[in-house]
Amino acid sequence: MNAVGVEGVWKFYGDYPALRNVELSAAPGACLALIGRNGAGKTTLLRTIAGFSRPGKGKITIFGNSPRDTETRRLMGFIGHGISVYDELSALENLTLFGKLYGLADPKKSALEWLERTGLERVKDGLVREFSRGMRQRLAVARAFLHGPKVLLLDEPFTALDDRAIAVLQRLLREALADGKTIVMSTHQLREALELATHVALLNRGQVAFHGPRTAEMVADPGWVYARYGEG
Ligand code: ATP
């Protein structure tokens, strides 16, 4: 069974089809890099896969189930635009709160573990509003991993990260893959993404122009897919 299935998905904003009959899948343990120009539909697709918005037509499945089911939501971790943590709480309070929402057995223990893994242990009691951008990003990463999701959905995860946060995220993503987790990530940072990806999909104006395994050619020349399948 696929970890992520996208079957004939259309998404309209008014009359405008932001996704046109998208067919994609990711097997368990795969890392699918979603590439495409600004406005190609990557964010729309990831948000639809995450169950934040419904497809106009077609179907999304996460291990065979709707992403909108409560049980399925627990299987997913999301990193996207806008940092989904509370400014007026400390880092530890944030993660403990989210751990409670996810129904973890020991939310504080999990929170402390992920603060350590993202290098935020030392500032765990500091208010997030006083954090640097890089620290907030690492906290958002910790939040996405906290509940042990099987599927990670990442919208431009490397954008606006400082070097340290990039290193932390790359390490965690490698560990997640080694652990059999599935990743779908949109990105403009081709080099970072292609190093990690097992598969690549190119969106052109809401349509899949290419979907296939990542090859050595792509790693050697990150622009290869665009040159061959892009819109010129
Ligand atoms: P970027 O790389 O800039 O984030 P993207 O590939 O993620 O782009 P989307 O953000 O998914 O692309 O947008 C796809 C298309 O849908 C664009 O033409 C965009 O203008 C349009 N669009 C996105 N969100 C909305 C919305 N809420 N209402 C109307 N149109 C939208």
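An open sheet of three strands runs in the order β2-β1-β4, with antiparallel pairing. The model is predicted.

**Exercise 1.** Work out which strands lie at the edges of the three-stranded sheet, and find the bridge partner of W10 in β4.

*Solution.* 
1. Start from the order β2-β1-β4.
2. The edge strands are β2 (16-26) and β4 (57-62), and each pairs on one side only.
3. Neighbouring strands here are turned by 25° against each other on average, direction ignored.
4. Now take β1, residues 4-13. Five bridges join β1 to β4, and the two run antiparallel.
5. Look at W10. The bridge partner of W10 in β4 is K57.

**Exercise 2.** Describe the six-stranded sheet, then state in which sense β3 and β8 pair.

*Solution.* 
1. The sheet is open, with mixed pairing and the order β5-β6-β7-β3-β8-β9.
2. Its edge strands are β5 (76-79) and β9 (207-213), each pairing on one side only.
3. On average, neighbouring strands are turned by 15° against each other, direction ignored.
4. Recall the general rule: strands of a sheet pair through backbone hydrogen bonds, either parallel or antiparallel.
5. Strands β3 (residues 31-35) and β8 (residues 199-204) pair in the parallel sense, over four bridges.
6. One of the residues to check is L32, whose bridge partner in β8 is H199.

**Exercise 3.** Find the strands that helices α5 and α6 lie across.

*Solution.* 
1. Helix α5 covers residues 133-145 and lies across β5 and β6 (151-155).
2. The angle of α5 to β5 is about 165°.
3. Helix α6 covers residues 163-178.
4. α6 lies across β3, β5, β6 and β7 (182-186).
5. The angle of α6 to β6 is about 150°.

Definitions and conventions
Residues numbered from 1 in each chain as written. Predicted model: local features only at pLDDT ≥ 70, side-chain atom pairs only at ≥ 80, totals over all residues. Heavy atoms only, no water. Pairing = 2+ DSSP bridges. Axes fitted to C-alpha atoms, helices over the stretch in contact; angles between N-to-C directions. Contact = heavy atoms within 4.5 Å.
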